[in-house]
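Me: I'm new to this one and would like to learn how to read it. Could you take me through it feature by feature?

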Amino acid sequence: GFQVLHDHAPLLSSLRVGPLKVRDAAGVETIYATGGGFIEVRNNAVVILLESAELTHEIDVERAENARQRAEERLRSRDASVDVARAEAALARAVNSIHLMKKK
């Protein structure tokens, strides 16, 4: 992980599936469960493009558990038609959401 503060050097990077913590100018902190994406930092502005983002207090734990189970089943099936990379990404997103809910 990394932190972006005022006058941060220009940066363009990919982001992995994981939590994203945003602190606004008033010091209010918001945490999102993200599905990965990209970040650009330039001239004290931050642009984040994410595949998915969900506020932690809005995470549906049952939905995340079901997504985790479906992804695990697809990966265990060893079926040639399974898109392994897509199933692994779905599993990572579900595990991230479940982990963030348990930290609350």
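Reply: Let's begin with handedness: a crossing is left-handed if the near helix is turned anticlockwise from the far one by less than a right angle, and right-handed if clockwise. Helices (H or I, at least four residues) and strands (E, at least two) are DSSP runs, numbered from the N terminus. This is a predicted model, where local features need pLDDT of at least 70 and side-chain atom pairs count only at pLDDT 80 or more, while totals for chains, interfaces and linings use all residues. Residues are numbered from 1 along each chain as its sequence is written, and side-chain values use heavy atoms, with hydrogens and water left out.

Me: Which helices and strands are there in the protein, and in what pattern?

Reply: The protein has two helices and four strands, and along the sequence they follow β-β-β-β-α-α. Its C-alpha trace spans about 50 × 30 × 15 Å along the principal axes.

Me: How do I describe two packed helices?

Reply: You use the angle between their axes and the distance between the axes. Axes are lines fitted to C-alpha atoms, for helices over the stretch in contact, and angles run from 0 to 180 degrees between N-to-C directions. Here, the axes of α1 and α2 come within 8 Å and cross at roughly 150 degrees. Under 35 degrees counts as roughly parallel, over 145 as roughly antiparallel, 65 to 115 as roughly perpendicular and the rest as oblique, so α1 and α2 are roughly antiparallel to each other. Their crossing is left-handed.

Me: What span should the 17 residues of α1 have?

Reply: The expected span of a helix is 1.5 Å times one less than its number of residues. For α1 that gives 24 Å, and the end C-alpha atoms are 24 Å apart, so the two agree. Helix α2 (residues 84-103) has 20 residues and reaches 28 Å from first C-alpha to last, close to the 28 Å expected.

Me: What happens at the helix ends?

Reply: Look for polar contacts: pairs of N or O atoms within 3.5 Å, where, within protein, one must be able to donate a hydrogen and the other to accept it, and residues adjacent in sequence count only if both atoms are side-chain atoms. At the start of α1, a side-chain oxygen of D60 comes within 3.1 Å of the backbone nitrogen of E62. D83 caps the N-terminal end of α2, with a side-chain oxygen 3.3 Å from the backbone nitrogen of A85. Just after α1, R78 has a positive phi of about 55 degrees.

Me: Which residues of α2 are buried?

Reply: Buried means under 20% relative accessible area, exposed over 50%, and partly exposed in between (1.4 Å probe, protein chains only). In α2, the buried residues include A87, L91, N96 and I98. Their cover includes β1 (11-23), β2 (29-42), β4 (53-55) and α1 (61-77). Across the protein, buried residues make up 23% of the 104 residues.

Me: Is R16 buried or exposed?

Reply: R16, in strand β1, is exposed because its relative accessible area is 72%. Leaving out residues up to four places away in sequence, R16 touches T34 and G36. The C-alpha atoms of R16 and G36 are separated by 4.4 Å, although the two are 20 residues apart along the chain.

Me: And is G35 buried or exposed?

Reply: G35 sits in strand β2 and is buried, at 7% relative accessible area. With residues up to four places away in sequence not counted, G35 touches V17, E51, S52 and R93.

Key:
Contact means heavy atoms within 4.5 Å.
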